[in-house]
Structures are given as structure tokens and as C-alpha cells.
Amino acid sequence: MKYKNIREEELKNKVGADWFKAFDTTEILGNIDFTVLPKQDSLFGRTPLLWAEAKTGNFDVATMFVQLVLTIGKARTFDKTLPPAFLGAFDFKKIAFVPYISIQDIFYLNDFNWNVTPSNHETKEFKLIKERIEATLNKNSSVYDYQTDEKELKFFIANNIAKATEASKIKIDKNNFIPIYIRWLEIVKPIIDVNWDDLKKANILDSDFYLADLFVDDKDTQKIDDDASIRDNLFVVFQNQGYTIAKENIKQMFDATINIKNREVYQHFWKRYKRPPIKQFQDYIIERRDLLVPQDIRERKGAFFTPRPWVELSQKYLTDVLGENWQDEYYIWDCASGTGNLLVGLTNKYNIWASTLDQADVKVMHERIEHGANLLESHVFQFDFLNDDFSKLPQGLQDIINDPKKRKKLVIFINPPYAEATSAKTISGTGENKANTSNNNKTYEKYKGIIGKASNELFTQFLARIYGEIPNSKIANFSKLKNLQSSNFSDFRQFFRAKLEKIFLVPADTFDNVNGKFPIGFFIWDLEKEELFKEILADVYDKNGNFISQKTLSNDSTQSINKWIKSFNDPINSQIGLIVSCAPDFQHNNQLAILSKQQERYCFQITATNLLKSCIYFSVRKVIDANWLNDRDQFLYPNDGWQTDTEFQSDCLTFAIFENSNSIQSKFGINHWIPFTENEVNAKEKFESNFMTDFIKGKIKSGKQDDGLFNQENKTKLASYSTNQALQFSQEASDVFDAGRELWRYYHSQKDINVNASLYDIREYFQGRNDKGRMNSKSTDETYTELIGNLRQKLNVLAQKITPKIYEYEFLKQ
């Protein structure tokens, strides 16, 4: 075998050197194993030629391709960069190729879960993809043995891979039309013979020319004659090998055809793509033309599209709170309207006002009014809510705001932008505030001294200005839950004392351009009623709009679990470990770990005197998995019930010892967390520390700091603390110890082991690390896999036992 018994990284290097030396194979693209690109840039940049999966064993071709497809689909790599003409897969014996175009439809499967581990060949998703593409692979793939097919392989690479830039056309869909637009700006826009400044004055944008290009066929014929919805929404059309302004009110200003200065460049660019866009995405692309602007501008403008189901649900909740006839009895102003989709479905156009930062969005809404949208053109206007004075508003809206009686009947109905000035990098000192998002406007300057850190968020700036300058009105808004729960928003809550009448919660990732697993709420506020927010029962809906539960939202951030654990701080006695200090909510629990070594982030010292409390702190935050609904929930200062519940305490100690985030490592110092004696695990040598087993047995003497040693071999002084008696363990905790003991015994039966190994060390020994230095997620040792799996199963049972106590002792609100 040509490449037998070598590691994957070496295999990739050798395949690159032996077969693709005329190309660049050094670029790393996400989790794709192997990429091939031309060495030289062209006018259009470098187009990928090949993405490939690499395996060191002897795999069947279909399995390798399925793993590659899942890797690409999970990261949606084809949305971020142009896909190649070919996909490939190779191991130590053979290499296979398939045209990307022949399998690209797999990436558009409806309701397919791409969020699976590509290397797990047992998932239903892996099997489904394999079933779907096997026939395609049999028909379209080319497979070569490195040794017996050497000439044929070289011929294929020279005549297919090397010429691959002309080999396929990319289908245009809702995911890639923006990346294509960005490349269009670089290549096509400069060769359009027009004065862009003149067009801008007429509210014609470069994106209008791009849309004209999209909706033609491969013969450059405009494909809109049979679709009125597309025809009516194109401001520019492609005709006579050039562009024509399509709108009657401005076409006389540009009555001549707008020419293309370099037809060859234009045609070469569009050879890459299959036009028009896929039929099912055409209406979406027209409707979401607002996305065709740079992201920094979109964050400032607040171009976040509210899904139609949540629009309809929000209007239902407004009816429930304000009454059946609310649209006739109240005035409605969407002061962050974008293209106006939040107002779709409202009936009384004489009571509706819509403003937006971007004049182009005003133009879109005016066009929709011409075609039947239920709005008044004079009520739709450009207005920068965070900067402009209310004197710039239409007189009719000014009259409402300035009349105290009418103002009580004004509903500010908005989905404001969620951009903020800070990010995780800003907080950690590795990044800068995002320029011109939330800290570069008059509202920020006016209210930053009043609402504190909440001023970093655009949505709270909208709320602050409305509350401060349109008093006694109503607010109906979509936003994150920070204003209710976050400790950083305490100043905001002291200022914003409106009564929260009703709220529902939905998953954030159902909103366009909102990433992450957290809830977005729809709030209905009555500013006429003064009330400091304390608690409310929220309705919860799943991503399909189905009601699933109710959830209590409360503001208890002034008494957090972090304040509780700090009350047990022990700066005197010697530490046996550290707990990373992080914000007391679920979204930060992935930062929580037990460590041996101090990090840059502040860590709380674990000593013998606070061990049980530290394990309670760690366990109550780890036993419940984070999800989109609890993501912002705060862990609280508990009641006193835990103090007398010794079984709860020992359960938490057990969980903390054996949980994966216990990252104690013996290479950073003596491991005091070995939960077994040498005899229990058949250790070959005596441990450096028997602290944990002595602690469990109640052997550590009480008193002040112990000047003695825990054992003669250990030269470290540890604080003395006494449980006065041996800890008693529940059956569930004992089962965890039993499972752990078997794992430790198996480890100590191996050769060349570290006798003082921690759980982390044992996992590292059997699972190893990948080429990037990260611990692998699983091991090839079947016995270890069975033992660690059994330990985790027992730990899950223990977690279920601990969970009710977390609510009973009020570490969390139910």
C-alpha cells in the first residue's frame, strides 16, 4: 500500500506533494481536511478546485464522501466561499472524485438536522445522506488506486481538476445570494458604465443592478415576464446587453441603456452561476433585498427581519392586552420599521406610522403601497430615532406625541436592532468596541449616565428614549431578556419603571441574522403604570409556533450564587484546586471548570475548608444542561436548607469529582482529587496525595491551619477541616464511585501510566489529541469507551437526583 501506517496529517502532505504539486494545498478551510486551489490569483480571485476528506485507514468511498458532505453542510461552507468543481475523498490506498454539481442538491434538504458530528457514522443523518448519494456516487464518481491507476489519476487531475474553474455552475439560493453579491461588487459593478452618485440621488442602488442580473437566464434574457411579484419589485432590468431603469417616476432621467464596459469580464463572472435563482427562493431574495448592504451598516440600521409567525402572534397578544378594537382605538408607530414587515396584517392604515433609518427602505415601502400595502405614503418616512429631534416627525405624529391624552393611546410597536458595542473579545481585552453601532448617537450620550452598561445595547437605547421622552405611551417590542435579568442592567431597571403586562418567548435562531441559542421575548409595556420589574410568568413557544410551557422570569441578580460562594473565600489555607469565576447564568457555564492552574480570568480558590461548598457551587451549575430557554437564567443565593442536607452535599462532591469539566491535571502540581485508595485501584505505587479519600473518611483533623503533612511524601501543607465523621453517600452517588473505580483500575492496569493521574489525565491517555492539540472526543479502546460511558450514565442519574434540590434550595427559580 502506497501510504500505509502514516498519520492523517502526513497522508495529506504526501498526497499534496505527490499528486497536486502544481496547486496550492496549504489553505485551511474550516474542518475540511484537504483543499486544492490554483497557485496564482486570477482577476476573480482564487476559485477552489477541490475539497476532500482524508482517512488513514481503508474506507469505502461512500462513507468518506458522506462525512465530507456532513462537514460542509454543518458549517454551510458553500455560503461563505464559492464551492469547488469537485469533491474528493482519499485514504492510504485510493482517491475518488465527484463533481460538486452532481450532489449539491443534498445541501437543500428540508428539515434536515446538519448539527451532528460528521465522524459519527451511526447517526440517522449519516445513514440518510449515505442512502441519498450512493447512487449518485456510483454514476458520477471516479476512483483511482495510487499504484495501479497512476497514469489515469494524473490524466484526470490534469484534464479535470486543473480546468475545474469552468466545470460547474453554482445554484443561487437564499444562503449564497449575499456572498455572490459581495463578489459581484468587486467584479461587475466597476464595469457598469454609469454615474453611481446620480443613481443614488434617485434612490437606485448597486443592489438593484445585481438583482437585475440575478433574474436572467443563461442567455441573458430577463426572466420576469411570467412573475408579476418579481417584475413589480425590480427597479432595474437587464435588456439589450445592458441595463434599463424600470420605474416610471425616474426612468426618464436615465432613458438610455446603461452599458457594460467589458462584456468578457461580465460573461466570465456569470459563467459560474446558474440563473435565475432556484424558484422556491426567488420571492425571498426579492423580499430580503435589505440584506444587500454591508453588515456594519445593517447593524446600525437594525435590519433584523421578524418572522411572519411571530408578527401574527405579537398582534394577537396586543389584542389580548389592549382589546378587540385596539387598532381603531390606538395609534401605532414602528420607529425601526425596516421594510415594514412587522406592520403586515394591521388594518387601520390611518392610525399607523412607520419610520426607518434608511431611505431605501422607505422607497421599498412606498413601492409596496403602490401595489396594495395597507399603509399611507405620508405616514411612512425616513427618521433616525436615536439621533433626530421629534420636530422632524410628520405633523400628525407630532400632534399625538405632544398631546398627553393622545399619547396614552400611542403604541410603539418595534423589533429594534440587537447590535451592541461590546463583545466577548472586548470584555477580555482582546478587541475594540464595534464602531458606530450603539455608542455613536445622541441617545447613547444622553442616557449612558442613567442606564449604565445597558447603554451598550441599541434596543435599550430605543426603550430609554421612548420611556424618557414619550411618557405614558405603550411599548410592544421584541428583544433579548437582558433588561429583565442581567446584573449589568440594574441601573436600567431602576430607570425604566414601566409595568410589563405580558410577554412570550421564542427561540432567537428563528430570527434572521440572530445567532445563538437563547430566547427572544415579545414585551407589552404600559408606561403609564410605574412598577419596578420583579417577576412575570411568560408564555413559551417552540420554533414552529406551538405553545409548549410557561416560564417564570424574575430579577434576583442582586443576590447571585457568586455572592454566596465568595462568602466562603479562604485566602489563608493551601489550595487543592481552583474554580473559574464566570457570570452566574447558563450561557456562561461552558467557562466553568475546576482547574489546577490559575488562568488570566479570576479563579476562586478551593481549600479543605470550602471544598463541599465549592462542589455544591460547581454541581448546581453543571447538572442541568443549557438550552435556548434557560440560557439567560441566573443562579441565585440559596436559602439555608442545603446546610443540613448532608446527602445533597456528598452528592455534589461526587458529581464534581467525576464531571468532565473537572480539569485537574497532575502535570501542574500534586493531584489531591484521587477519590480512591491505592488498594482500591491496584496502583503500582503510592499516591502523592490521599487527601480526597481522607476527607471522605473524616480523617482530616479539625482546628486552625494544620502544620503537619497529609502524608510523608507530600510536602504541601493543606488546611485542616473536619467533617467529624465519614461522609455518607446515596445509592446514586455510590454507583458513580463504583463506575469510576472500574475506570481507574483499568487505567492502572496499563503500561507507562502516571500513578497520580486525575480523571482528565485518564481521559487524555485513552482519547489522545488531534493534530491541533485538542483532546479527541472518543477513544479507539473499546474497554475504556464502555467504562467511561458507564460512568457518564451513572453521573446522569445522579444529576437527575440533584436537580430537584437546586430548586428546593432556590439556587434557581422554578
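Biologist: Which residues of the largest nonpolar core touch the most other members?
Modeller: This is a predicted model, where local features need pLDDT of at least 70 and side-chain atom pairs pLDDT 80 or more, while totals for chains, interfaces and linings use all residues. Numbering starts at 1 along each chain, and side-chain values use heavy atoms, without hydrogens or water. A nonpolar core joins buried Ala, Val, Leu, Ile, Met, Phe, Trp, Tyr and Cys through side-chain atoms within 4.5 Å, with buried meaning under 20% relative accessible area, exposed over 50% and partly exposed in between (1.4 Å probe, protein chains only). Of this core's 68 residues, the ones you want are Leu611, Phe648, Leu653, Phe658, Trp673 and Phe811.

Biologist: Which helix supplies the largest share of this core?
Modeller: Elements giving at least two residues each include H26 (611–622), H27 (646–658) and H31 (782–808); helices (H or I, at least four residues) and strands (E, at least two) are DSSP runs numbered from the N terminus. Nine residues, the largest share, come from H31.

Biologist: Which strands stand at the edges of the open sheet of three strands?
Modeller: Its order is S20-S19-S21, paired antiparallel; pairing takes at least two DSSP bridges. S19 (577–580) and S21 share four bridges, one of them joining Gly577 to Ile606. Two strands have a single partner each, so one side of each lacks a neighbour in the sheet: S20 and S21.

Biologist: Which strand pairs with S15 in the parallel sense?
Modeller: S15 (498–507) has seven of its ten residues buried. With S16 (519–530), S15 pairs antiparallel over nine bridges, and Leu505 partners Gly521 there. Phe504 instead has Asp539 as its bridge partner, and the parallel pairing, over two bridges, is with S17.
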